[in-house]
Amino acid sequence: MPFLRWFLSFALLVLPRAAAADSFGGQLHYMVGQAALDGVELEMPALISEPSALADKHLTLRGQGTLEGVSARGDFLFEDNWRIGLGSSLFGVDGVGLRHDSLPWGMSARLHSVWGTTTQLSLGYEIKQGPVYAYVDGRVSFEVLQVSVETFAAPYGHVGTTNYTAFQGGLGPRFGALLPIGHSLMLDVYVYRQLVSGFEQLSVGIGLGYWENDREDDFSDELRRSWRGDF
């Protein structure tokens, strides 16, 4: 897969520099948003046999869904305010349907569940330091969709569930801000917008994180001297 090779090459360039970071932190987020799934083709995972009723029926998803899930991210900050981020997310999708070619008489199929995961790398810049730490990132992601399809046969009813997958790469900007609760304890709020491919079309996240806040700007020095400097 060309995108996966590009993603891994980008990771090999980014990860060595993270070891030289001046400050770092991690956040956990709750996320909601929209999923771009219309027309996504479903594939059978390797080593799994497709039911004969669904074989060669060209299953695709229909509609734009809503997503809800969680994400985790670690960020590394450098003296020149450049940021590198590593993260992953897990989300469920509602509101999408299923398209397929004609099935044998008495057979029908419908979606049972749709789950997505992303692995993310980002490169960005901290554009404001006080009273919040605002940032903008360019995020590249490798995304995997896990889809369960139920089949039914008259007059027996449900006769099986088959798992399918889909893969895409995504690219887009993320705008966010760290809001200090203390010197190191932060709220993190962000908005991500897909520009190129990807299942995660638009998402908003809010989370809690902890930073080893070694910034040397005036606002960070003020935090250290205030009552919030104790946590």
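A search of the whole structure, which is a predicted model, identified one cavity of 30 Å³ or more. A cavity is here a set of points, on a 1 Å grid over the protein atoms alone, where a 1.4 Å probe fits but cannot get out. Grid points are joined across faces, edges and corners, and a volume is the space filled by probe spheres set on the points. The largest cavity has a volume of about 50 Å³. Its lining, defined by residues with an atom within 4 Å of a point, consists of His29, Ser71, Arg73, Gln120, Arg139, Arg174, Tyr190 and Tyr192. Strands β3 and β9 each contribute at least two of the lining residues; strands are DSSP runs (E, at least two residues) and helices likewise (H or I, at least four), numbered from the N terminus. By class, two lining residues are nonpolar, three polar and three charged, where Ala, Val, Leu, Ile, Met, Phe, Trp, Tyr, Cys and Pro count as nonpolar, Asp, Glu, Lys and Arg as charged, and the others, Gly among them, as polar.

The largest nonpolar core comprises 33 residues, with Leu37, Val147 and Val149 making the most contacts inside it. Such a core is a set of buried Ala, Val, Leu, Ile, Met, Phe, Trp, Tyr and Cys residues joined through side-chain atoms within 4.5 Å. At least two core residues come from each of several elements, including β1 (23-36), β8 (157-180) and α2 (218-225). The largest share, five residues, is supplied by β7. Beyond its neighbours within four places in sequence, Leu37 is in contact (heavy atoms within 4.5 Å) with Leu61, Gly63, Gln64, Val93, Val96, Val114, Leu145 and Phe199.

Arg83 lies in strand β4 and is buried, with a relative accessible area of 1%; buried means under 20%, exposed over 50% and partly exposed in between (1.4 Å probe, protein chains only). Among the contacts of Arg83 beyond four places in sequence are Arg73, Asp75, Glu126, Asp137 and Trp211. The C-alpha atoms of Arg83 and Ser23, 60 residues apart along the chain, are separated by 9.6 Å.

The mean pLDDT (the predictor's confidence in each residue, from 0 to 100) is 84, and 85% of residues reach 70 or more. Confidence is lowest in helix α1 (residues 2-18), at a mean of 51, and highest in β9, at 95. Over residues 17-21 pLDDT stays under 50. Where pLDDT is low, the predicted coordinates should not be read in detail.

Residues are numbered from 1 along each chain as its sequence is written, and side-chain values use heavy atoms, with hydrogens and water left out. Local features need pLDDT of at least 70 and side-chain atom pairs count only at 80 or more, whereas totals for chains, interfaces and linings use all residues.

Definitions and conventions
On a 1 Å grid over the protein atoms alone, a cavity is a set of points where a 1.4 Å probe fits but cannot get out, and a pocket is an open set with protein on both sides within 12 Å along at least five of seven lines; lining residues have an atom within 4 Å of a point.
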